[in-house]
Amino acid sequence: MTNSVEIKNLDLQFGAIKVLQDLNLEIGKGEFLVLLGSSGCGKSTLLNCIAGLLDVSGGQIHINGTNVTWAEPSERGIGMVFQSYALYPQMTVEGNLSFGLKNAKLPKSQIESRIKRAAEVLQIEPLLKRKPAALSGGQRQRVAIGRALVRDVDVFLFDEPLSNLDAKLRADLRVEIKRLHHSLQNTMIYVTHDQIEAMTLADRIAIMRGGQIMQLGSPDEIYGRPVNKYVADFIGSPSMNFLEGKINEGAFHVGDLVIPLERYAFAGGGPVNGDTTIGIRPEHVVTGELVGNAPFQVDVEISLIEPTGSDTLVDCKVAGKHFRVRMDGQSRVSVGEKLRIGINPAMASLFDLKSELRL
Amino acid sequence: MVDTTSHTFTGPHGPKPRKAFSRRNIFLYGTLLVVTLYYALPLYIMIVTSLKGMPEIRMGNIFAPPLEVTFEPWVKAWSQACTGLTCDGLSTGFWNSVRITIPSVILSIIIASVNGYALANWKFKGANVFFTILIFGAFIPYQVMLYPIVIMLREIGLYGSLTGLVIVHTVFGMPILTLLFRNYFSSLPEELFKAARVDGAGFWGIYFRIMVPMSLPIFTVAMILQVTGIWNDFLFGVVYTGPESYPMTVSLNNIVNSSQGVKEYNVNMAATILTGLVPLTIYFVSGKLFVRGIAAGAVKG
């Protein structure tokens, strides 16, 4: 048994609404899995089911080889960190950390040593005697992580733990969670709607939509080979450019433009003909002296420029459609200027126009 | 901050002066004054009258302060005034009311808070139906249930006793108190409850160690509502208890409405103030918490 968490045919209904449908998921020991999706996709619901805070309508949940589908949350060997920290306001930090251990009737010496260790790991020792109201957002979330840590469990569940923090603190704590995972080697299941968090933290990402998992794979796979147009559109910022056209004789035709597809790795092995959408990431479009090497080149007129410091985003039209290109932040371009851009079809994604599945 | 412009600008400065006797202010404070008088005047008359002797009252100047202050009416109201056959004033009624109010308040708050907690957090099967029925109960007029309850109390042998009245008060406090507690507990972050469950706390563990310590304002509100409601109750008191266990309100009525002898206005006034003193004290002591709790409970429905 190498899987830490196994979810089999999980169903969850609220009245007539199916929130989770026939969901299967296996999470390896020590794996960092991120559940990613827009709000209402069922990712937090799934996490609550794993935690035992929601009763499932069908299917099974196994943790460390034991069927825990109907076990109490505290008996599942999980620790959980919530978005709103959920610290008990009337207790000190120490009280918050020890609450679960006292409920488990652990001897006092063991409670003390575990709190001491968790406080060291998270650097919250000076805060132990304080109440949550006297802590900053980042400190509160540290304590919340500590509360999961002291339980000494195999599986950590994170429910959007960083969403309430400001951008800088979020980046700091993200690194800290990653470091924690490296040192503890626990299984971690992490829910977020932030793709940067997902990409940086995850061993594997599960993209969810409408109560189902659209794609499960490493961040590279999700980014490089999205299984459908939804995933392609969801991952990446700025988002992917899409052009609708036709594949004919091994090339993609849109308007008068013909994009050769010799280097594109088709999922089925060979090229397919028919109505297709091509997806090209703004960062995969080349400009300047690199254009010469690209299999496909086209001249465009710049209609808008968005400098972000490190990058400059350029808006233009390709085959009459809105198209974005990411250029270096040092590029000196101006609106109305002509620009030659190059595209490497090997980096693009092709989707069937109707089914929106990857070709 | 240093105001650099004041050196160069020599004209009048500072905030724009406001007229104290603007039309708006006269209207506003005038209205407030009239309303205040409207409420304060009866209280003033009561206090003044209760400190006068009967000869002075008969002179008829009800607004005039007492020429000669006497506390005799207060003493008489407390320990000598006649209620029907017995003549020991309000004191018996007072202690009856205390013995009714304290257990009723404690019992109803304990039960209602657990009800509200279960309804808000444990969403058990049929919780909504149960809650709807309970709320519906709040709209049934008391009068409809008076006689059925007489029969029920008689059958279990509690009719005419303080215990019976305590049970009645506890039951009738349930709908509004449960609603109050349920709404308050629903307004607390749900994740706290989830975190406590993950931490292995059970139904009572979460109630006593997480929920109750966070709910002082709403417990205060419930206490004030119940103390004033039960203390001021007359109907249940007169129906469900006997003459030797009448609450203070009933004693007061018997003193004030006695048809024998002269009307002792000063004693009546003193007795009325004495009866109202308990709710009044409660309001003064915990008014701030009361307002805070009402607001807190009202946010989420």
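Hi everyone, let's begin with the largest pocket, which has a volume of about 650 Å³. Of the 21 residues lining this pocket, the closest to its centre are A:Leu53, A:Asp55, B:Trp122, B:Lys123 and B:Arg197. Please keep in mind that this is a predicted model.

Which elements of chain B each supply at least two residues of that lining? They are α5 (91-121) and α9 (190-198), and α9(B) gives the most, with four residues. By residue type, the lining of the largest pocket divides into nine nonpolar, four polar and eight charged.

Now for the second largest pocket, with a volume of about 380 Å³. Here 18 residues form the lining, and B:Gly137, B:Met145, B:Val171, B:Phe172 and B:Pro175 lie nearest the centre. Two or more residues each come from α6 (127-137), α7 (142-155) and α8 (162-187) of chain B. The largest share is from α8(B), with seven residues. How does this lining divide into nonpolar, polar and charged? There are 17 nonpolar residues, one polar and no charged.

On to the rings. Over all chains, the structure holds 27 aromatic pairs. One of them joins B:Tyr117 and B:Tyr207 in a tilted arrangement, 5.3 Å centre to centre with 45° between the planes. That pair links distant parts of the chain, since B:Tyr117 is in helix α5 and B:Tyr207 in helix α10 (residues 203-211) of chain B, 90 residues apart. Both B:Tyr117 and B:Tyr207 are buried.

Another tilted pair is made by B:Tyr142 and B:Phe236, at 5.1 Å centre to centre and 40° between the planes. It too links distant parts of the chain: B:Tyr142 is in helix α7 and B:Phe236 in helix α12 (residues 235-240) of chain B, 94 residues apart.

The charged end of A:Arg147 is over the ring of A:Tyr88, 4.7 Å from its centre, and B:Arg182 lies over the face of B:Phe131, at 4.1 Å from the ring centre.

Last stop: A:Asp194, in the loop between β8 (187-192) and α6 (195-201) of chain A. Its relative accessibility is 17%, so A:Asp194 counts as buried. Leaving aside residues up to four places away in sequence, A:Asp194 touches A:Leu36 and A:Arg170.

Conventions: Residues are numbered from 1 along each chain as its sequence is written. Chains are lettered from A and ligands numbered from 1 in the order in which they are written. This is a predicted model: local features need pLDDT of at least 70, side-chain atom pairs count only at pLDDT 80 or more; totals for chains, interfaces and linings use all residues. Side-chain values use heavy atoms; hydrogens and water are left out. Buried means under 20% relative accessible area, exposed over 50%, partly exposed in between (1.4 Å probe, protein chains only). Contact means heavy atoms within 4.5 Å. On a 1 Å grid over the protein atoms alone, a cavity is a set of points where a 1.4 Å probe fits but cannot get out, and a pocket is an open set with protein on both sides within 12 Å along at least five of seven lines; lining residues have an atom within 4 Å of a point. Grid points are joined across faces, edges and corners, and a volume is the space filled by probe spheres set on the points. Ala, Val, Leu, Ile, Met, Phe, Trp, Tyr, Cys and Pro count as nonpolar, Asp, Glu, Lys and Arg as charged, and the others, Gly among them, as polar. Rings of Phe, Tyr and Trp (its six-membered ring) pair if their centres lie within 6.5 Å; planes under 30 degrees apart count as stacked, over 60 as edge-to-face and the rest as tilted. A charge sits over a ring if NZ of Lys or CZ of Arg is within 6 Å of the ring centre and within 35 degrees of the ring normal.
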